[in-house]
Amino acid sequence: MAACLALLWGAFMLPAPAFAQEGQAAPDADIRSETGIDAGSDTGADGANDADGADGEEGPILRLHPYAQARLAEIDRAMPRAVAAYREALAADPGSVDVARRGYRQAVLAGDRPLALAAARLLDAAEQLSRDGSVLLLADALDRRQWNEAAARIDRLETEGNLAFLAPFMRGWLSLAQKRYSPPEPVPDDASAAFGNRYRAEQLLLLALARGDRDGLDQAYADAADGIEDMGAEEQAMIAARLVKLGRRDLAERLLAEGEATWAGPDAAAALKRVGKLYRKRAFTPQYALGVLLTRLVDDLRGQGEGIATLSIARMAGFADPQSDDVRVTVARAALMADYPQIAEAEAAKVAPSSPAWFDAEAMRLRALVAQDREAEAVARAQQLVAQNEGNARGWRLLGDLMAQRDDFAGAAQAYGRARDALGGREDASLLLQLGGALEQAGQWAEARPLLERVVELAPDSAVALNHLGYALADRGEDLPRAIELLEKANRIRPREPAYIDSLGWAYFRAGRHARALPLLQNAVEMEPGNPELNEHLGDVLWAMGRRFEARYAWQAALVGLDEDDQRTPRMRARLTDKLDGKGPDAAARP
């Protein structure tokens, strides 16, 4: 998987743009070298200055060249302003590869498809298009129903390698559009194969639905069933609507149950009737399939630390299928990861209340408001949703999510409890996990543990649930053999998740098995070197093993990595400071 990640990041980044790394502004010298304009001056495009004339009269106000405006806007992370300036600059100099190169990435991040496409075509002609541009050009060819051009674009994806896993699926969809269907071939055995193999069952189910293959539906659904829960709300709804249309209401009802389709509510018949009307004119197309593939890729890459690249992938999904509400939610989530909360808020607001994805979008919208320090507005919005959807569990869950995001875990537990009450007797494993987690964080472990145990009973293969319960037990030194058993299972299910590796290492440490704990914690820190909690755990184990110098180094790394916006930071800083002052890992109680 690590090889896959390295390959993908190369596809979704420009060759060495100064602004590409998050939080890294292009130096003023770069602006001067490109434009001849000092970023700190009021010099105009022709080199003249806006200062008063020699006779003391006010001189003419000269305007920066659009390209210079765009570059300065990049430094300010003012994406709409940068895109507008690049659009103007490219119109003034339509053959400029330099303008197109920078304008392309900003257009992609901003979701400006016309500008991105114009820049991509120019860069493609100059053989300087980054490899994600092949996805955009493929989507454009599909929109224009230029099947031969689309086939050539798919071949190019495969040749370029970074996104080769898309090729077999898109050939299958293209053959369906050409009315000469040929099933997707196996994914090529290359560095991206892990992704393709993960998405194959879902794509085959979508193809069976698109073809109206009644005979193959049972097998296609069975093969994809394990991934139903991971699908977006709108995708679940569209699949359910299509199943009903094909006479398979039984499978549609199974989907609502197995996919934990909280958007459907308790009345499955009413939900199926509603989505049947909502999606009667929506079809499973090659563009839709491409959007799903890229959305799934964003989900798999979440938390890997490459916010700009992840937002680029999400935007490509939107270029492929601009109708998709699941994509809008994905773009909003990716924008939050890339520290663009204004984009997240705007994208989430595009999802209509009638959409199955609306509550997911509202969750992103609330997070975006909090990220912009508009907490009071977010709380008011959440409370309004609860009032408008009285008796609906999802409104209470959104309020609980908001409270948890603000580290108000007692308030979150109260809201999740109301959501549980709204479900009546129906057990929702994900809601129970949220409620149990909030109670645990609020210091109510006696009430939390039975709920977390029940979640593991309901979802025995949920790595999230196994990790949560296992870590909570280990951190308290309770039932350590069971904690280790739970965490070993979580790591078998998700073998390269740093948080899960850390949890298992911490459980071994709490059990006194330091030699088993150390390599796990070292591995976790190697995967996420900036994570303060992982570094603190590593330091504690090193200290216990007598490796005091290395322990101090790990604690110092934890201190450097603290997030000032996290309400837990003051406690963690005090604890780390005590440890660095020589008091050891027992200087303060663990959180």
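Predicted model: local features only at pLDDT ≥ 70, side-chain atom pairs only at ≥ 80, totals over all residues.

Mentor: Residues are numbered from 1 along each chain as its sequence is written, and side-chain values use heavy atoms, without hydrogens and water.

Trainee: What span should the 13 residues of helix H27 have?

Mentor: Helices are DSSP runs of H or I with at least four residues, numbered from the N terminus. The expected span is 1.5 Å times one less than the number of residues. For H27, residues 498–510, this gives 18 Å, and the end C-alpha atoms are 18 Å apart, which agrees. Just after H27, glycine 512 has a positive phi of about 80 degrees.

Trainee: How many residues of H27 are buried?

Mentor: Buried means under 20% relative accessible area, with a 1.4 Å probe and protein chains only. In H27, 11 of 13 residues are buried, including Trp506 and Phe509. The buried residues pack against helices H25, H26, H28 and H29, where contact means heavy atoms within 4.5 Å.

Trainee: Which residues does UniProt list for "repeat: TPR"?

Mentor: The unreviewed UniProt entry lists 429–462 and 498–531; such annotations may be inferred rather than shown by experiment. Residues 498–531 are 79% helix and 0% strand, with end C-alpha atoms 10 Å apart.

Trainee: Is glutamate 345 buried or exposed?

Mentor: Glutamate 345, in helix H18, counts as buried because its relative accessibility is 18%. Among the residues it touches are Arg365 and Leu369.

Note on methods:
Helix = DSSP H or I, 4+ residues; strand = E, 2+ residues; numbered from the N terminus. Buried < 20%, exposed > 50% of the residue type's maximum accessible area, 1.4 Å probe, protein only. Lists of a residue's contacts leave out its neighbours within four places in sequence.
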